[in-house]
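Good morning, colleagues. Please look at the chain on the screen while I go through its salt bridges.

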Amino acid sequence: MTIPSGIIEPTYVSDEYFSRMLVDLDCSMPLHQVKTLLLGGLTATRLPPLEELLAAMWGGETPIFESEELLYAFMAHLLGLINQLRVHLGAAPYRLAPVDCPADAAGVARYASVRLEELAGFVRGLDLGDTDPGDMSAKALSALVVLGEGSAWLEVYRGLAAKGVEGGRESWREALAVLRQLDGALEKAMAIVVGEQVAARVQGLQTERRGASGRAGRRGTPPRRNLPCPCGSGKKYKHCCGKD
């Protein structure tokens with residue numbers, strides 16, 4: 001698929017509209033996972049190309065658009081959604097998708113599955129943007145650990161629900177309450193990762209500007225290892241002046 005090279009005016013009608021569009025286009029990711037994938041990409045060390053994001057959304061396949069008009073409409077909505085998500089790079093933390101489900105085994109399984117898809121999307125977006133855990137701050141790494149532990153608990157609850165463990169409606173209601181309480185910790189951890197990554201990127205860009213003469217790489221704080229080298233070689237810092 002060729003990404004349109006012309007000017008596309010970003011637009012976003014609603015979550016419901018774009019969700020239907022994704023289903024009609026046989027996208028393998030639901031909207032809630034697409035959102036966290038894009039947020040992870042925006043947070044990553046580098047912004048992944050749209051081609052890579054689309055490939056991830058379609059499970060490695062190339063999406064098929066029946067007409068150029070449909071392609072432009074989709075891209076306009078995708079860019080509109082990306083613009084909406086940019087607000088979460090600042091002071092507004094990202095909120096996980098609301099999940100309406102019954103207080104039974106199927107409801108618990110549904111709730112846990114949605115959260116697991118969202119976390120997987122976020123981490124996938126970070127990976128697509130060449131985010132190296134070795135270059136992340138201690139605070140961001142601790143937040144990633146929280147996300148990993150949260151995923152483990154979600155897998156446990158989903159597994160119990162899938163097995164139909166006896167316990168009655170009240171037990172499943174309590175399980176849903178626990179999962180909803182977990183949302184706060186997951187959202188806080190995601191916000192920390194986003195905030196730390198954005199701060200690191202800003203610091204790296206400032207260092208790069210100071211190093212425009214090729215000498216700033218020896219002054220002040222070194223840039224993050226995955227950012228462009230201040231010497232202007234075009235290579236990543238870890239493969240150039242920061243090479244061990």
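R20 is partly exposed, at a relative accessible area of 44%. Please note that we are looking at a predicted model. The partner of R20 in a salt bridge is E16, and their closest N and O atoms lie 3.4 Å apart. E16 is exposed, its relative accessible area being 57%. Both residues belong to helix α1, which covers residues 15–24, and they are 4 residues apart, about one turn of the helix.

I turn now to a second pair within a helix. E118 and R115 form a salt bridge with an N to O distance of 2.6 Å. Are these two residues buried or exposed? Both E118 and R115 are buried. They are 3 residues apart in helix α5, so about one helical turn separates them.

The next pair is D130 and R46, whose side chains meet in a salt bridge at 2.7 Å, N to O.

Finally, how many salt bridges does the structure hold? The total is 8, among them the pairs E16 with R20, E118 with R115, and D130 with R46.

How values were computed
Residues are numbered from 1 along each chain as its sequence is written. This is a predicted model: local features need pLDDT of at least 70, side-chain atom pairs count only at pLDDT 80 or more; totals for chains, interfaces and linings use all residues. Side-chain values use heavy atoms; hydrogens and water are left out. A salt bridge is a side-chain nitrogen of Lys or Arg within 4 Å of a carboxyl oxygen of Asp or Glu. Helices (H or I, at least four residues) and strands (E, at least two) are DSSP runs, numbered from the N terminus. Buried means under 20% relative accessible area, exposed over 50%, partly exposed in between (1.4 Å probe, protein chains only).
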